[in-house]
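Dear colleague,

I am passing on the structure below, together with some notes on how its parts pack together. Please read the notes with the model open beside you.

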Amino acid sequence: MEGPEEQPPREADTEPVVTSGASEAVPRVLPGDPQNLSDVDAFNLLLEMKLKRRRERPDLPRTVTELVAEDGSRVYVVGTAHFSDDSKRDVVKTIREVQPDVVVVELCQYRVSMLKMDERTLLREAKEISLEKLQQAIRQNGVASGLMQMLLLKVSAHITEQLGVAPGGEFREAFKEASRVPFCKFHLGDRPIPVTFKRAIAALSFWQKVKLAWGLCFLSDPISKDDVERCKQKDLLEQMMAEMVGEFPDLHRTIVSERDVYLTYMLRQAARRLELPRASDAEPRKCVPSVVVGVVGMGHVPGIEKNWTTDLNIQEIMTVPPPSASGRVSRLAVKAAALGLLGYGLYWTGRRATSLLLALPTARHCLQRLCDAWPHK
């Protein structure tokens, strides 16, 4: 029996602007007293200012892929490396050039907090892997998925320590720039992380889980900023993905391919024609194509391009499969190992404490007196 489905969030709780925008020219508002402007006139005035700043033929970075929806709406997908300063600049430049109606980022509601934290706090949080974080991950995702999440956080912490850069800088820049564009909405476009981890763990066999955990635990290769920038090259990404598919094909399917489908779906949902406000009900409705900017990791861009014109069903990738026999065995093994380590730790601590106590002269004297006072047969 399949687990409950999780409904995807549509927008961030901290949306910069709650009114939708448009992408066609509108009649110019006549000058006059600003206090006498109607809501429609004020909207048209701000919209005209926005369209003046929108470039017809924008000068976009080479990391941007342009997609066109059936209704004429345009989506500019910015492929990024998550620890890259150049990616931040690419995102800022793209949003300023196209003045979008919606910005969609590769985040879910469980990771939206990184939009509100300052860089210093995020840098400290990314480096620290505490027991509290482990307990929270296990409560949220279960034992196996929680431990896998902590191992991936360890990888992120390793990269953070090597580069001195907090992850997700391009998403924070996208949030800031979206707040400066009139009538721009901010959407969270990624699948909820508990669903992704649970599906990933369920897709792996017991030995694959052990092999993956072992590799993540002992990851210590040095990483330079040049390595991060190289991750923005499509050919390098495709080579890395091919290696990943060969070793863990099911993991690639759940963590990359399924999220490609989800991100494509959310971008297509955002790229819908926008209805302009009317001065009265008698005025005919007018809809215009929208402009959307998507900010995703470069590894997702080929999948989004591939899925853009296909029929998508995200309900299939939102369900959490029931635990398999190997999954139940691995959970029992993890719990047994944890209890065994706890018991051994208590035994070793008690034995050590007893040895130290008996080594004290006062304790030895008391024991000697107790033995002398004890009646002998």
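In what follows, buried means under 20% relative accessible area, exposed means over 50%, and partly exposed lies in between, with a 1.4 Å probe and protein chains only. Helices (H or I, at least four residues) and strands (E, at least two) are DSSP runs, numbered from the N terminus. This is a predicted model, in which local features need pLDDT of at least 70 and side-chain atom pairs count only at pLDDT 80 or more, while totals for chains, interfaces and linings use all residues. Residues are numbered from 1 along each chain as its sequence is written, and side-chain values use heavy atoms, with hydrogens and water left out.

Helix H6 is mostly covered, since eight of its 11 residues are buried, among them Phe171, Arg172, Ala174 and Phe175.

Helix H2 (residues 85–98) packs against H6 (residues 169–179) at an angle of about 25°, the axes lying 8 Å apart (axes are lines fitted to C-alpha atoms over the stretch in contact, and angles run from 0 to 180 degrees between N-to-C directions). That makes H2 roughly parallel to H6, a term for angles under 35 degrees. Residues of H2 including Val91 and Ile95 meet residues of H6 including Glu173 and Ala174, where contact means heavy atoms within 4.5 Å.

With best wishes

How values were computed: Parallel < 35°, antiparallel > 145°, perpendicular 65-115°, else oblique.
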